[in-house]
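This report describes one protein model for a reader who is new to protein structure. Please keep the sequence and the 3D view at hand while reading.

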Amino acid sequence: MPGTDPAPSTPHAPARAWLRPALLLLGGALLTLLMVLADQLIAALAVGAFSLFMAYWTSPLRSGPHTPLASAQERAREADGTAPTIVLWAPGDPASARLQAAIRAPREDLIWVNVFKDPAAQQLLGQYGGERMLPLALLGEDAARIDNVSELFAFQDRARPDGAPGGAAGAGPTTPGADPSGRSEQRGEDEPGSPRA
């Protein structure tokens, strides 16, 4: 039909992303059964409900916040003032879950991109080393694996010139190897943030 775009291909979660929730569900079911056999019905109900919740929380079924990568990059380029940090994350990834649990409220300086919902984000993540790099923060030409909120804030301060909000470094492309000087895309691990030439 003219004027309609074909549906974009949606990447699927790898099979290993289902391993943790499956083990949680199986372990919870066994523990619930043991408690039922021991006539501990209230405890069995609590354990069963908790196991179901944790299996869901650690599975790719949990959608969480998501903005398509193209929209996130466009928003970062057009930012007036403080350029937002793009965070690539995946449901079922423990570090991603910890970071999202610590940052519950929406923030203007963060854009969350679920790599299981966006083929371009999955491809970009692969260029930085794949799923072992999750959650991956991108700000301008800088990228870093983030384990907690303090690392995220430190990364944002390092990636902006002289710690200033926004600026040229915050509005650049979020692609590996985009720096013409050949410096590593993980600059900031060894040197302080400084304006790029």
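A residue is called buried when its relative accessible area is under 20%, exposed when it is over 50%, and partly exposed in between, using a 1.4 Å probe and protein chains only. By this definition, 40% of the 197 residues of the protein count as buried. The model is predicted: local features need a pLDDT of at least 70, side-chain atom pairs count only at pLDDT 80 or more, and totals for chains, interfaces and linings use all residues. Residues are numbered from 1 along each chain as its sequence is written, and side-chain values use heavy atoms, with hydrogens and water left out.

**Confidence**

The pLDDT is the predictor's confidence in each residue, from 0 to 100. Its average over the protein is 74, and 73% of the residues score at least 70.

| Stretch | pLDDT | Contacts in the model |
|---|---|---|
| Residues 1-9 | under 50 | 1 contact beyond four places in sequence |
| Residues 163-197 | below 50 | 66 contacts beyond near neighbours in sequence |

A contact means heavy atoms within 4.5 Å.

**Overall architecture**

Helices (H or I, at least four residues) and strands (E, at least two) are DSSP runs, numbered from the N terminus. The protein has 6 helices and 4 strands, and along the sequence they follow the pattern α-α-α-β-α-β-α-β-β-α. Of the contacts with a separation of 6 or more, 69% join residues 24 or more positions apart.

The expected span of a helix is 1.5 Å times one less than its number of residues. For the 17 residues of α2 this gives 24 Å, and the end C-alpha atoms are 24 Å apart, which agrees. In α2, the buried residues are Ala44, Val47, Gly48, Ser51 and Ala55. Seen down the axis of α2, they fall within an arc of 100 degrees, so they line one face of the helix; the arc is that of the directions from the helix axis to the C-beta atoms. Helix α1 is included in what covers these residues. The face turned away from the buried side carries the exposed residues Ile42, Leu45 and Phe50.

In helix α3 (residues 69-77), Leu69, Ala72, Gln73 and Ala76 are buried. Their arc, seen down the axis of α3, is within 95 degrees, so they too line one face of the helix. They pack against β1 (85-89), β2 (110-114) and α5 (119-127).

**The nonpolar cores**

A nonpolar core is a set of buried Ala, Val, Leu, Ile, Met, Phe, Trp, Tyr and Cys residues joined through side-chain atoms within 4.5 Å. The largest has 20 residues, and Ile86, Leu88, Val115, Leu136 and Leu138 have the most contacts inside it. The elements that give two or more residues to this core are α3, β1, β2, α5 and β3 (136-139). Apart from it lies another core, of 15 residues, among them Ala83, Ala137, Val149 and Phe155.

Which residues does Leu88 touch, not counting those up to four places away in sequence? They include Leu69, Val113, Leu134, Pro135 and Leu138.

**Two backbone details**

Pro135 is found in the loop between α5 and β3, and the peptide bond from Leu134 to Pro135 is cis, with omega near -15 degrees. Asp39 lies in the loop between α1 (19-37) and α2. Although Asp39 is not a glycine, it has a positive phi of about 60 degrees. Asp39 is exposed, with a relative accessible area of 65%.
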